[in-house]
Amino acid sequence: MLKPPHQKYETLYIYGFREGHPDLRNFDEEDLIGYWEEDGIGVLFFHKPKNELVEELIEKYNLILEIKDAVPYSQWNEKRVPQPFEVGPFKIAPFWYEGNWDIIFDPSVVFGEGRHPTTLLMLLASWDFYKEKGLPQSVLDLGCGSGILTLFWAKLSAKVKALDINPLCVRVTKRNLELNGLEGEVLEGDVRTFKDFSCELILANLYKGLLLELFQREEFFLGKAYLVSGFTIGMEEEIKEALKNTPLKLYKRYERENWVCYWLWRS
Ligand SMILES: C[S@@+](CC[C@H](N)C(=O)[O-])C[C@H]1O[C@@H](n2cnc3c(N)ncnc32)[C@H](O)[C@@H]1O
């Protein structure tokens, strides 16, 4: 996340360690952007090169360095430079853009700068849902990333809960709610072991394998409506086949640049 004296992201200095280390979660330093943990790797992101510091951390925590890289922020996130965009009634912008925005956010280095086709589909489907069905009592955002979907629903006044496996996503989402004066519960956790799916609307912009796992879990069907994305047209048959064994029925389908989003209802 951006914190003073840093005003913008320029080059990301990235150090990735096998398995990471729990103490790195609380590590702080003035040029630190954040600590990311996912899939057996822990990654420190800095605004400046930190070779000496990283050597010390390796020594202290017995770390194994697997990634060392310097990437311009403009090349990060599949080269989607965070920019203002509009969805439904809301003008949304990274907080460093001057202007009159309804939602501001720090995209940081996590997924969810807003214009990835799956994020946009989820946002557009969310607005479609709101127009057709009104405000759901509660919304659960599985894999919240930067929290962009959580912010959208919180701005519409829904009671929101967000979950992500990556501690940096949890921090960024909390910060983004604060930036907008919005409230919500943000939890760190794995959807594969998460149990409390009782919620009116469940958002799940994940990936095919994880969706297929969720479709096999009884608890997942505690929701009423579902917006799911993170799969391509080529993966749809597999998704549809898996849905046949669930109480979920396809209500609407959205597509953008080969990516698909489904609005599902529990029957
Ligand atoms: C495709 S991104 C979606 C981010 C945001 N919701 C959006 O729509 O832009 C998927 C998110 O799921 C998270 N994730 C991946 N596996 C997960 C798991 N097993 N449990 C919880 N979150 C997970 C990732 O850290 C990532 O932030």
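# Exercises: ligand and pocket

The ligand sits in the largest pocket. To sit there, more than half of its atoms must lie within 2 Å of the pocket's grid points. The model is predicted: local features need pLDDT of at least 70, side-chain atom pairs count only at pLDDT 80 or more, and totals for chains, interfaces and linings use all residues. Residues are numbered from 1 along each chain as its sequence is written, and side-chain values use heavy atoms, with hydrogens and water left out.

**Exercise 1.** Describe the largest pocket and its lining.

*Solution.* 
- Start with the term. On a 1 Å grid over the protein atoms alone, a pocket is an open set of points where a 1.4 Å probe fits, with protein on both sides within 12 Å along at least five of seven lines; lining residues have an atom within 4 Å of a point.
- Take the volume. The largest pocket holds about 780 Å³ of space.
- Find the centre. The lining has 35 residues, and E38, F111, N205, L206 and Y207 are the closest to the centre.
- Assign elements. Those giving two or more residues are β2 (32-38), α2 (76-79), α3 (117-133), α4 (148-155) and β9 (159-164). α2 gives the most, with 3 residues.
- Sort by class. The lining has 16 nonpolar, 12 polar and 7 charged residues.

**Exercise 2.** Locate the cis peptide bond at P5 and the positive phi of N62.

*Solution.* 
- Recall the background. Most residues other than glycine have a negative phi, and most peptide bonds are trans.
- Take the bond. From P4 to P5 the peptide is cis, with omega near 10 degrees. P5 is in the segment before β1 (11-18).
- Take the phi. For N62 the value is near 60 degrees. N62 is in the loop between α1 (51-61) and β4 (65-72).

Notes: Points joined across faces, edges and corners; volume = space filled by probe spheres on them. Helix = DSSP H or I, 4+ residues; strand = E, 2+ residues; numbered from the N terminus. Nonpolar A, V, L, I, M, F, W, Y, C, P; charged D, E, K, R; others polar.
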